[in-house]
Amino acid sequence: MASAILRSGLRNTLRGSSRPSATSKRRFSSSAHQDEAYEAAEASKWEKITYLGIAACSILAIYNLSKGHPHYEEPPAYQYLHVRNKEFPWGPYGLFEKKHH
């Protein structure tokens with residue numbers, strides 16, 4: 001533990017001061033302020049676009065669901081659709097139908 005502290009202290013003295021210079025600190029904070037303003041404007045823009053999209057999708061859905069849809073006649077009862085050549089293994093009734101005696 002003591003050797004690690006001694007090594008880190010030795011490294012810091014060889015590299016110079018570990019504190020950042022005041023000019024880089026100022027430059028960073030000023031650019032951060034501009035970045036924050038840009039991100040806030042960008043977030044506000046996308047929030048407005050999202051609300052506009054929600055409203056547009058809702059209006060479109062209401063319009064589409066309020067329109068009527070065509071009703072067609074029943075198709076003819078084709079004979080070949082209900083062909084059964086042999087009985088079901090569980091009897092003449094359906095599997096879940098009640099048997100009325």
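The chain contains two helices and zero strands, where helices (H or I, at least four residues) and strands (E, at least two) are DSSP runs numbered from the N terminus. The model is a predicted one, in which local features need pLDDT of at least 70 and side-chain atom pairs count only at pLDDT 80 or more, while totals for chains, interfaces and linings use all residues. Residues are numbered from 1 along each chain as its sequence is written, and side-chain values use heavy atoms, with hydrogens and water left out.

Of the 101 residues in the chain, 1% count as buried; buried means under 20% relative accessible area, exposed over 50%, and partly exposed in between (1.4 Å probe, protein chains only). The accessible surface of the chain is about 10,500 Å², and 62% of this belongs to carbon and sulfur atoms. Such areas come from the Shrake-Rupley method with a 1.4 Å probe; for residues, only the protein chains shown count as cover.

The structure holds one salt bridge, a term for a side-chain nitrogen of Lys or Arg within 4 Å of a carboxyl oxygen of Asp or Glu. E42 and K45 form this contact, their closest N and O atoms lying 3.2 Å apart. Because E42 and K45 are three residues apart in helix α2, about one helical turn separates them. E42 is partly exposed at 26% relative accessible area, and K45 is likewise partly exposed, at 39%.

The segment after α2 (22-66) includes L81, which is exposed with a relative accessible area of 55%.
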